[in-house]
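Please open the structure in your viewer and keep the selection panel at hand. This tour goes from stop to stop, telling you what to select next and what is there.

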Amino acid sequence: MTQTFYLLRNQAVPDIDRIEVYEANQGYQALRKALKEYEPKALVEMVKASGLRGRGGAGFPTGMKWSFLPDDGRPRYLVVNSDEAEPGTFKDRELIEKNPHLLIEGMIISSYATGAREAYIYCRGEFLFGSEQLKRAVAEAYQRGYLGENILDSGFSLDIKVYRGAGAYICGEESALLESLEGKRGNPRLKPPFPAVAGLYGMPTVVNNVETICNLPPLVENGPEWYRSMGTEKSPGLKIMSVSGHVNRPGNYEIPLATPLRALIEEYAGGVKGGRQVKAVIPGGSSVPVMTKDQLDTPLDYESILAAGSMLGSGGCIVIDDQTCMVAVSARLLKFYREESCGKCTPCREGTFWMTDVLERMEAGEGTPHDLDLIRDMADNIAGKCFCPLGDAALGVVVSAMKYFPDEFEAHVTEHTCPMGARLYDTVNH
Amino acid sequence: MIRLTIDDREITVPEGTMVVDAAQELGIDVPIYCYHQALGPLGACRICLVQVEKMPKLVTACTTAVQEGMVVHTRGSAVDKGRQGVLEFLLINHPLDCPVCDKGGECFLQDYTFQYGSAAGRYDEPKIHKLKDAAINEFIIIDQERCVLCQRCVRFMGEYVGEEQLLLEGRGVETVVSTVSHQPMDSQFSGNVIDLCPVGALLSIPYRYKARPWNLERAESVCPHCPVACTTSVTSREGHVIRVEGRPIPGHDWGWLCDRGRFGYDFGYVEDRLLNAWLDGEITSAAESTRTIGSWLNDTLEQHGGDSVAFLVGGQQTMEEAYQIRRFADEVVGTSKVAVSRSVKGYLPLGLNGTFEDLDRADTIVYLGQDPYDAVPVVHLKVRDRYRDNPGLKVIGIGAYDLTRSTVPGDAFVLEPGEEAAFLAYTLAKVAASNPIIARLGEELGDFSPTFKGAKSEQEVETLGRQLLESEHLVLLWDGKDPHMESVLLALRGLREDVTAVLPTFGPANWRGFERAGIAVDYDRLEAFVEEAIQGKIHLLFSIGADLLRDYPDRERAKAALAAIDRVVSVGLFFPEQRELYHAVIPGAGWSEVDGTYTNMEGRMQVAKATVQPPGQSRPVRTYLGSWAHALKKSFVLEPEWDPFDHNAGDLIAKDALPEVQSVPKPARPAMKDGALRLVGTALVMEGGMPSEILQPRIPKYPGRISLADASRLGIGEPGGELGLRGQQGMISVMVAVDERIPQGVLVLPYGVVGSPLNQLGDGAVVEAVSLEEVSLR
Ligand SMILES: Cc1cc2nc3c(=O)[nH]c(=O)nc-3n(C[C@H](O)[C@H](O)[C@H](O)COP(=O)(O)O)c2cc1C
Ligand code: SF4
Ligand code: SF4
Ligand code: SF4
Ligand code: FES
């Protein structure tokens, strides 16, 4: 078990959220180095060389994203996605609450690299403390001359603004986020054009996840080879995994990519609670298909998890023990998507609503065998037909749970009760 | 150009075309809800799924741009299942109350369900309930349960019109369309959302429960309420007009209407509509009055000759009717005295007249004297449409107040009232003095120099001058008030090689059509008639669809003219103002009651079909003309009908040569006492036209507009108040409110406001505020 503290340095250094402590622990040294020793283009090349991939969910290569910005003289923006509302994911929250200067330092380096003079942090509405920490840290950074005009005499200037969302999961989707940041209703935009070409106020915009940007200071300090020394060829570097569910030590763990799932659960998170067995794992946040106990040796990197039928996603690892009803899990997670569907497109808006009702009815013992076909057919009518990925995300757990645990679903409709006696919640719509 | 294959048929379309439109060109229907060409793709409803070879998933045809070599299948089991799925989803929370829905029979949800849907529903869970039958303004109700959330209405108002009055509220399955801050929509374009809504979620209140598609008739028509003459489709049932809808003309017009045109169709049935004939203040039968008028005509001709009879034509007539009136005057009566009743003095030579296509191509649009939003609303939308396509569009307002507005931002030159023509000549003289005609105009202006309200430098005037000379496609919208503008426009045209198109925003709506029918429309004609009438040279007047007191710029003079005529006969839909000045008033038939052709401000002729019978004893003009000819024992053959269309020019009236540039005098500025106001007339579609009960709630309470400074000085607060005004010719009272676009010292008042006749004081007159008691004592 290798526990590093490049990102979650707060776990090693108390009070690192305060600028003096951050500075005393090499804070803002990477920024000095970047401004002094690198041309912006060289930084972009460095990020490309490191193989860093976006930590917001899709795993898109960050350096490549930055190089999509058109060189046409228009103002550019950096927007940091701190909306983190995916059930099971809570890494960005810890970063902004406990180690905000890392993000700010990363943002300044990223803005310098991409040519942005204005940067925004779109902070999840519920993260009140996090947004206050960020605001305070931003103010400190201004005071010390890390932000504002002519940063550290480099000639580079940057302003950072912290914006609080209003509590919608969909605003984590980058185009909905930009709409919301512009003061509009948070619905996803049609793509193309992608944000790199027409983002905030129609200007070229980089949208990156908090964790992605937090990788910049250690990357600049230690270089791309160091980064590539961890993980695999296609999935190099570090990843924070948020472990929750039936484990002894839920929490955020910074691991080298390609660490086996079993190690994460057993070594980092202290194993399954109460000596029970793993039944299923949702490895990458509530939007991805479940994995079974037979797949625990899968390395946690983008490719291996994909090959195992799921996705690394945002790294929200939900461990489900053998006493848990998968129908209840499906119903509960689907209910989240029903509540969070933005309502723009028909299949997601109506489909998640209907499917949740049916699953809740099944869980309450009022299902019929016909409901199983109905759910499969509804899933087929949603899959690949929605405007944005949320619709498909809603299906991840249900469809895979039905595939891996068909008997459990059958039993609910034949025995007209939940065989596990599970009651994760008791709000059945009648 | 891109070549692709759709359902095994090849087609070549411009790059950027969406698959749905390419399919449409082949006549292949792909179902749509949220897509609308004017609004662009949204991708929300997902009903337009199609299969594209080599793409892993179905795609939405409305958001997928064509690509070279693309192979599209618009049907097939996967596509049909996808659409069926979307429809099923749309219906789970739908109230299924089609039997009581006005949209039933013309609803896209019904149509597509019939085409792709399954016969039985599988949804057994409780439905979500939302608002039903809630009014979003005076004209429109919403049924949120029937809404498919296509956002057409929201996007039309917010993105297309630029007046954000509708929005989506709530999230997910709770999402509803609602008004901003739950306030009624008051945009004058609100009614378009009824046409845009693909389902029965936005419905017309006046049309509510009036008919079903299978027991109504629809006829192609045009709107008679302003010079735009928007294309419409008129719905009637059992002899009543019950609805007006926009009629899009593919590739040419989106079919937008303003609320004036959409809801003001009830003038045929309002209480004031003339259903009987009146002779000397008494109701008579139409037959008797026609006979009596025939004998008046006979007597007048015998005693005073043909030239003592005059005809005054107003805006309600068709071109064919105008043609018959002119022939009747010519051939039967033997008079050349046919004038058109007008409010403004300007004339626009046909050769300068532009079309709406010019607006589509314009890089510079100049408003002269009038904000098109008020006078010709749908032209404002056309300008906005152009602005959306070309955000670099230059818009310049030149008038007595700021003519621009936020929906199409522009630069405003605010002048002394009535100096637009002089200012334009002055501007051209600055940048094109080497041109002899411009040099002459400059000399004639002498020491004229404009006074700007709000800072404008000479530099900015020069920039304007250069814009006028150098713009690639220049369109000017002219209010027709100052007759000298004609010369300035001709001179400007003479300076330019690129397109210079002028669109007249002034009425009467069909004046260009009257001209085509052989009636001289110039103001001098009207002036000559008034003068001769006052001098006692006119003994019989046929006022047809006209109301001289309402229209003519000088109300006292109009009164004097009518009072001096022995017999005044009015044919119309309503009593003219001060009916005691008329000896006979007989009921005429109008729009939707007679077939005919109308020419709009482009010089475009458009046919409007009759859909209903004229009510009561009202008859078309031609019927009366025929019987008066009969009374004179003269033959007057109405058949065969005259065909106004010219085979070479198509639906546009053929252009003729341009006249010479006349002189443009230096404007005289009247002396202003302290606290005096200049009265500035404006055309407003909601005022001065045909009455409508449906529109009542939208008639502005405060039609007059003044600056904040004058309002505070005169004690006018929110939302407005009444002001007494005294001019040289009398007094009126006006309801006024503050408009920040009006400069101090100016009061803008629409023509034809009932009870506040601007022509009592005169357009441009210097007036002073007086107490209301003084006005009521007058
Ligand atoms: C429904 C939905 C929710 C999302 N939520 C988040 C989020 O909370 N945080 C985040 O960083 N990315 C989120 N994403 C991904 C973003 O759209 C985007 O890909 C990401 O911010 C890009 O940053 P990265 O390249 O650094 O990963 C979400 C995507 C979807 C479809
Ligand atoms: S899939 Fe459709 S309804 Fe769902 S969040 Fe995305 S756009 Fe909104
Ligand atoms: S009210 Fe009609 S137009 Fe508006 S979103 Fe609903 S269905 Fe579409
Ligand atoms: S713009 Fe004029 S013609 Fe068009 S609908 Fe309105 S009133 Fe009628
Ligand atoms: S019409 Fe294509 S998604 Fe609505």
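Start with ligand 2, whose shell is made up of nine nonpolar, three polar and two charged residues. Keep in mind throughout that what you are looking at is a predicted model. If you select everything that surrounds ligand 2, you will have 14 residues, and the closest are Cys342(A), Cys345(A), Cys348(A), Cys388(A) and Gly391(A). Two elements of chain A, helix H14 (346–363) and helix H16 (389–404), each give two or more residues to this shell.

Next, select ligand 3, which is also surrounded by 14 residues, the closest being Cys147(B), Cys150(B), Cys153(B), Cys197(B) and Ala201(B). When you sort the shell of ligand 3 by class, you find twelve nonpolar residues, one polar residue and one charged residue.

Now step back and colour chain A by domain, using 9–228 for domain 1, 238–321 for domain 2 and 326–414 for domain 3. The centres of domain 1 of chain A and domain 3 of chain A, taken over C-alpha atoms, are separated by 35 Å. Even so, the two have a meeting place, where nine residues of domain 1 of chain A are in contact with eight residues of domain 3 of chain A. On the domain 1 side of that contact in chain A, six residues are nonpolar, two are polar and one is charged.

While chain A is on screen, zoom in on Asp15(A), in the segment before helix H1 (19–24) of chain A. Its phi is positive, about 60°, although Asp15(A) is not a glycine. Most residues other than glycine have a negative phi, and most peptide bonds are trans. Is Asp15(A) buried or exposed? Asp15(A) counts as exposed, because 11 C-beta neighbours lie inside 10 Å, and the exposed class takes in residues with 12 or fewer.

Move along to Tyr28(A), in the loop between H1 and helix H2 (29–37) of chain A. Tyr28(A) likewise has a positive phi, near 65°, in a residue other than glycine. Tyr28(A) is buried, with 21 other C-beta atoms within 10 Å, since 20 or more are needed for that class.

To see where the chains meet, select the contact between chain A and chain B, which takes 26 residues from chain B and 25 residues from chain A. Which element gives the largest share of the chain B side? That share, six residues, comes from helix H2 (residues 77–92) of chain B. The whole chain B side of this contact consists of 14 nonpolar, seven polar and five charged residues.

Now show chain B by itself, with its 22 helices and 33 strands. Its C-alpha trace spans about 85 × 65 × 55 Å along the principal axes. A compact globule of 778 residues would have a radius of gyration near 28 Å, and the 28 Å of chain B agrees with this. If you colour chain B by burial, 53% of its 778 residues count as buried.

For domains, colour chain B as domain 1 (2–75), domain 2 (124–268), domain 3 (277–343 + 510–631), domain 4 (350–504) and domain 5 (677–776). Between domain 3 of chain B and domain 5 of chain B, the centres are 30 Å apart, taken over C-alpha atoms. Eight residues of domain 3 of chain B are in contact with ten residues of domain 5 of chain B, and those on the domain 3 side comprise three nonpolar, one polar and four charged.

Then select helix H19 (residues 555–563) of chain B, where Arg555(B), Ala558(B), Ala561(B) and Leu562(B) are buried. Look down the axis of H19(B): its buried residues fall within an arc of 120°, so they line one face of the helix. An α-helix has 3.6 residues a turn, so residues three or four places apart point the same way. Among what covers the buried residues of H19(B) are helix H17 (523–534), helix H18 (548–551) and strand E24 (567–572) of chain B.

For the last stops, look for two cis peptide bonds in chain B, beginning with the one that joins Gly507(B) and Pro508(B), where omega is about 0°. Pro508(B) sits in the loop between strand E22 (499–504) and helix H16 (511–516) of chain B. The other runs from Glu718(B) to Pro719(B), with omega near -10°, and Pro719(B) is in the loop between helix H21 (708–714) and strand E30 (721–727) of chain B.

Definitions and conventions: Residues are numbered from 1 along each chain as its sequence is written. Chains are lettered from A and ligands numbered from 1 in the order in which they are written. This is a predicted model: local features need pLDDT of at least 70, side-chain atom pairs count only at pLDDT 80 or more; totals for chains, interfaces and linings use all residues. A residue is near a molecule or strand if its C-beta atom, placed from the backbone, lies within 6 Å of it. Ala, Val, Leu, Ile, Met, Phe, Trp, Tyr, Cys and Pro count as nonpolar, Asp, Glu, Lys and Arg as charged, and the others, Gly among them, as polar. Domain bounds come from an automatic or database domain assignment. Two residues are in contact if their C-beta atoms, placed from the backbone, lie within 7 Å. Helices (H or I, at least four residues) and strands (E, at least two) are DSSP runs, numbered from the N terminus. The radius of gyration is taken over C-alpha atoms; the globule rule is 2.2 Å times the number of residues to the power 0.38. The arc is that of the directions from the helix axis to the C-beta atoms.
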